[in-house]
Amino acid sequence: LGIRDGENLEIYTDDKSIILKKHNNLLLIDDLLEKLVVLSEEIMKYDILITNRSKVQVATNTLKSYENCTLSTEIKKIIDERSRITTNDLQSFKIGNNTLKGYISVEPIITNGDSSGVVILYSENILSEDAKNYTKLLAKIISGKIDI
């Protein structure tokens, strides 16, 4: 089920059944995530993906085809290891049936001491330091909102 030791579960009952569901902290702030990607695109001109631990939750218009796509093992490993990618090398990630290839900055979203997902900033051009810092800023805003 993809549930790790110590992860939160949601428990529901239905007549004669007990339903266990993996808790997703990012669903609690879905409106904020939508606003962040819209502002990123409109004001900063950045393409953004925000993921939870299993799929892309929200994306800017250019990357909408990636929304709700399942994350690859490689991205799940980045989330588990709380990795940060800030190089100026071309990157390639499989997401669902698509491949995201370009210059990418990845920042983990850390909430309550655990990695809840990542912010991915994508560009066809080499990323500036400002773009990389923007990725970090978005991840910190999301983490802070969930921790409250």
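**Close-up views of a predicted model**

**View 1. Strands E5 and E6 pair.** Strand E5 (residues 90-95) and E6 run antiparallel, joined by 6 bridges. Two strands count as paired if DSSP finds at least two bridges between them. Strands (E, at least two residues) and helices (H or I, at least four) are DSSP runs, numbered from the N terminus. Ser92 has Lys101 in E6 as its bridge partner. The hairpin of E5 and E6 has 2 residues between the strands, and Gly96 takes a positive phi near 60° there. The model is predicted: local features need pLDDT of at least 70, side-chain atom pairs count only at pLDDT 80 or more, and totals for chains, interfaces and linings use all residues. Residues are numbered from 1 along each chain as its sequence is written, and side-chain values use heavy atoms, with hydrogens and water left out.

**View 2. Strands E6 and E7 pair.** E6 and E7 run antiparallel, with 9 bridges between them. Ser105 stands opposite Leu121 in E7. The hairpin of E6 and E7 has 2 residues between the strands; in this hairpin, Asn112 takes a positive phi near 50°. Strand E6 (residues 98-111) is mostly covered, with 10 of its 14 residues buried. Buried means under 20% relative accessible area (1.4 Å probe, protein chains only).

**View 3. The largest nonpolar core.** This core has 19 residues. Leu49, Ile95, Leu100 and Val106 touch the most other members. Strand E4 (56-59), helix H2 (73-80), E5, E6 and E7 each supply at least two residues. A nonpolar core is a set of buried Ala, Val, Leu, Ile, Met, Phe, Trp, Tyr and Cys residues joined through side-chain atoms within 4.5 Å. A second, separate core of 17 residues includes Ile48, Leu121, Leu127 and Ala139.

**View 4. Surroundings of Leu100.** Not counting residues up to four places away in sequence, Leu100 touches Leu49, Leu63, Tyr66, Gln91, Ser92, Phe93, Ile95, Ile120 and Tyr122. Contact means heavy atoms within 4.5 Å.

**View 5. The second largest pocket.** Its volume is about 180 Å³. The volume is the space filled by probe spheres set on grid points, which are joined across faces, edges and corners. A pocket is an open set of points on a 1 Å grid over the protein atoms alone, where a 1.4 Å probe fits, with protein on both sides within 12 Å along at least five of seven lines; lining residues have an atom within 4 Å of a point. Of the 13 lining residues, Asp47, Tyr122, Ser123, Glu124 and Asn125 are the closest to the pocket centre. Strand E7 (residues 114-123) gives the largest share of the lining, 3 residues.

How values were computed: Buried < 20%, exposed > 50% of the residue type's maximum accessible area, 1.4 Å probe, protein only.
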